[in-house]
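Subject: Structure handover

Hello,

The structure we discussed follows below. My notes on it come after.

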Amino acid sequence: MAIIERPSTEVAAPVVATPSNSLGGFKRPMMESGWKSWLFTVDHKKIGIMYGVSAMFFFIVGGVEALLIRLQLAAPNGKVLNADVYNQMFTMHATTMIFLFAMPMAAAFANYFLPLQIGARDVAFPRLNALSLWLLIVGGVVLNASWFLGGAADGGWFMYAPNSGPIFSPSNGVDFWTLGLQIAGIASLIGSINLIVTVLNMRAPGMSLMKMPVFTWMILVVQFLLVFSLPVITVALVLLMFQRSYGATFFDASAGGDPLLWQHLFWIFGHPEVYVLILPSFGIISEVLPTFARKPLFGYPFVVFSGASIGLVGFGVWAHHMFATGLGPVSVAVFSIATMAIAIPTGVKIFNWLLTMWGGKIWYTTAMKFAIGLVLLFTVGGLSGVTHSIAPSDTQQTDTYYIVAHFHYVLFGGMVFGLFSGFYYWWPKVFGKMLNEKMGSWNFWLMFFGMNLTFGPMHILGLQGQPRRMYIWTEARAGEGFFNLGFWNMVASVGSLILAIGVLVFLINAFYTWKKGPKAELDPWDARTLEWLATSPPKAHNFDRIPVVHHLDEFFHRKYEEDTATHTMRKVADGADLVRAEEAAADGHIHLPSPSYWPLVLSIGVGVLGLGVIYGVPVMVVGAAVILLASYGWVLEPSVAADSELDPPSGDGHTKEIAPLG
Amino acid sequence: MADVAVHHETDHGHHSSTGLSNNKLAMWLFLGSECLLFGGLISTYMLYRGRVSNGPHPSAIYDIPFTSVSSFVLLMSSLTMVLAVTSAQRGDDKKTSLWLIVTALLGATFIGGQVYEFTTFYREGLGFTTSLFGSSFYALTGFHGVHVSVGVIFLLSTMGIIKKNRITGTKAEVVELIGLYWHFVDIVWIVIFTLVYLIPA
């Protein structure tokens with residue numbers, strides 16, 4: 001039976017579901033609690049939490065890999081890792097952080113908050129949503145299984161030829177890598193289609209596109225980037241798979257192949273990908289800054305359209321990753337200029353955030369500190385990024401630690417700080433408890449100093465010529481005085497430990513909050529957007545009645561009214577009271593989709609099919625059989641009581657039913 | 001009750017903000033993504049079509065009349081697909097099934113032609129690993145062939161479901177969605193046929 005919410009005053013009569021589709025006879029799982037309720041769930045909130053937990057797990061895995069790298073480089077002639085393991089370590093650190101931490105963590109936020117922010121009861125395709133999650137986890141398992149099955153991928157995260165070929169990567173590591181990324185790619189593609197449809201089709205009445213919260217906007221832009229960039233890397237990965245497993249020579253220069261083809265395909269995906277990573281965090285802090293500056297976001301349309309134009313221009317700058325390959329003067333000039341141009345919308349955003357804070361009564365919560373940290377650190381990373389757009393300078397910087405410094409400032413200082421800001425801001429919404437602010441402060445300052453100590457010196461190391469991906473350095477060539485590589489490498493390594501302690505404080509804070517944290521108020525931050533109109537944590541159906549939207553920052557405008565005499569905003573209602581009022585006026589007969597076994601089964605089938613590429617055709621056949629079974633199970637499983645009289649007869653358009661393909 | 005249900009289902013699409021149903025919007029997005037997938041494969045082929053190593057040159061093995069016929073068969077399947085969609089929208093189960101099976105048969109004929117073509121090419125000395133031209137040709141047309149085959153499975157499965165149940169509003173939409181996919185695969189073939197077969201390397 002579906003999860004059916006009825007008003008408590010009514011006596012719930014037992015409802016007999018009459019499947020609209022009598023074929024198949026697969027029953028749907030109906031657990032509402034226990035581990036099975038998580039394994040087979042299609043609830044966007046549970047899926048969001050599982051995304052978050054898996055991403056956090058991989059954040060720790062990738063973090064440990066990073067610490068091992070820094071340990072190896074702390075002193076000359078490092079003995080912690082040998083060259084081979086070191087190659088695997090930095091390849092998997094990057095791959096894990098990008099594909100298994102950053103993207104899933106953004107997906108966690110998107111899954112959880114996007115439907116809540118637009119006043120919907122779930123995403124457009126709840127079962128596909130579960131499929132995305134499980135495929136991602138299967139992809140992560142396949143990627144990391146390589147550690148135990150002969151060694152991980154070792155060609156660097158962009159896996160240039162000939163490093164990706166059998167001569168330099170004889171183990172199956174790269175095979176696991178191509179397969180894992182293809183599977184994770186399918187997961188992201190399905191997820192992005194799902195979220196776009198959700199945003200475009202399922203907004204609450206009255207919520208026009210320009211009344212959408214900025215976080216939702218940025219997620220929408222990201223999903224479009226994914227839809228159009230993932231297929232390109234899929235082609236690259238498939239070609240590489242054909243080369244490694246079936247004897248083709250697409251990227252093999254000795255057989256006439258073109259290694260640059262890989263680079264183009266990879267970066268046509270890879271550059272939009274960096275905006276895929278950063279824009280969700282831009283969205284998060286565009287919610288956090290106005291809330292804690294107690295001012296509306298400065299220039300909302302500018303923030304929205306600069307985000308969209310970053311996405312658009314992001315498709316036209318990929319070759320700035322390839323200046324050192326000799327593209328020719330025209331290409332270099334075009335991509336240089338395009339790259340400089342993309343700094344404009346980014347700069348627009350920075351100024352909008354600064355002006356949002358300007359003159360505001362700033363409330364320095366941990367969420368706010370992380371948001372301000374993002375603005376500061378991302379600006380540093382953005383400026384070093386502009387130096388790459390100048391091709392002659394970039395040719396000097398290519399493959400040095402200067403590049404490593406740059407992208408860690410934008411990705412760690414930018415993206416990760418944004419995500420942590422989101423943790424502190426939305427924790428009370430998701431778990432109904434407040435993260436400890438005192439520990440939060442420690443968390444922030446340790447991460448802030450740790451991050452600057454780790455990645456700041458890398459600018460110096462890089463400009464002094466320390467190459468990226470070099471597994472040892474020697475005292476003899478370390479230089480002297482201020483520019484001594486030994487000193488700055490040691491500083492970076494100590495910094496990475498401080499950073500790690502900062503992250504550990506967060507984990508302790510999360511655990512402490514879970515055990516002993518105080519219950520959160522319904523509107524602890526005096527927030528602005530619709531997700532705060534739901535209870536904390538939100539009910540399975542999100543909203544007791546679908547809100548009707550009249551304003552940007554709808555929740556804020558329900559609490560505040562403009563005093564026409566003084567032109568100031570006057571509080572007229574309490575947020576918590578508004579939430580309770582919604583509960584009191586609940587709709588009856590809200591109907592949610594039932595859980596399903598098939599997303600999980602289908603994902604496992606895809607994983608087995610993928611492993612068949614490495615372990616032979618019989619394995620592939622088993623995988624294909626599972627996929628076929630799961631697909632038919634999926635299509636034929638009875639729809640829930642979608643057609644029963646429990647649906648509100650008028651239908652508000654947001655009470656979902658499971659669509660045949662969903 | 002059944003009437004209410006049908007009413008509700010057909011109503012569903014009208015509540016969306018775009019006017020398109022969720023399913024249809026998702027299908028369009030998926031096809032948009034597929035454009036880039038084929039774009040990547042076609043680019044790879046265009047880059048490598050002249051690199052024949054010791055294997056046969058494209059002009060030596062392409063049999064344009066044969067491929068023209070099989071292309072025509074595939075294009076005609078788009079016509080029968082349209083007929084299936086209109087029958088489904090009229091609620092005519094019998095005609096829908098008929099046109100679906102004709103479409104599937106035409107698709108299968110095309111796949112049969114492709115299998116014949118591949119085996120002929122192989123006998124003439126163009127294996128998957130013979131040259132970059134061979135690898136990229138088989139990768140591109142093979143991917144397209146898999147798409148057609150999956151489409152045939154869709155068509156036959158849909159026919160099976162329709163046979164057991166009367167069409168409702170949603171099922172007519174399922175036929176339409178498969179139609180979108182099918183037309184897309186056909187259009188991609190027009191591009192492939194032109195770029196790969198007709199324009200000399």
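A residue is called buried if 20 or more other C-beta atoms lie within 10 Å of its own, exposed if 12 or fewer, and partly exposed in between, with C-beta atoms placed from the backbone. On that definition, 41% of the 201 residues in chain B are buried.

This is a predicted model: local features need pLDDT of at least 70, side-chain atom pairs count only at pLDDT 80 or more, and totals for chains, interfaces and linings use all residues. Residues are numbered from 1 along each chain as its sequence is written, while chains are lettered from A and ligands numbered from 1 in the order in which they are written.

Chain B has seven helices and zero strands (DSSP runs: H or I of at least four residues for helices, E of at least two for strands, numbered from the N terminus). Its C-alpha atoms fill a box of roughly 70 × 35 × 25 Å along the principal axes. Of the chain B contacts (C-beta atoms, placed from the backbone, within 7 Å) with a separation of 6 or more, 83% are between residues 24 or more positions apart.

In chain A, A:P115 is found in helix 3 (residues 83-117). A:P115 is buried, because 30 other C-beta atoms lie within 10 Å. Leaving aside residues up to four places away in sequence, A:P115 touches A:H44, A:A120, A:R121, A:D122, A:V123, A:T198 and A:N542.

Regards

Technical notes. Contact = placed C-beta atoms within 7 Å.
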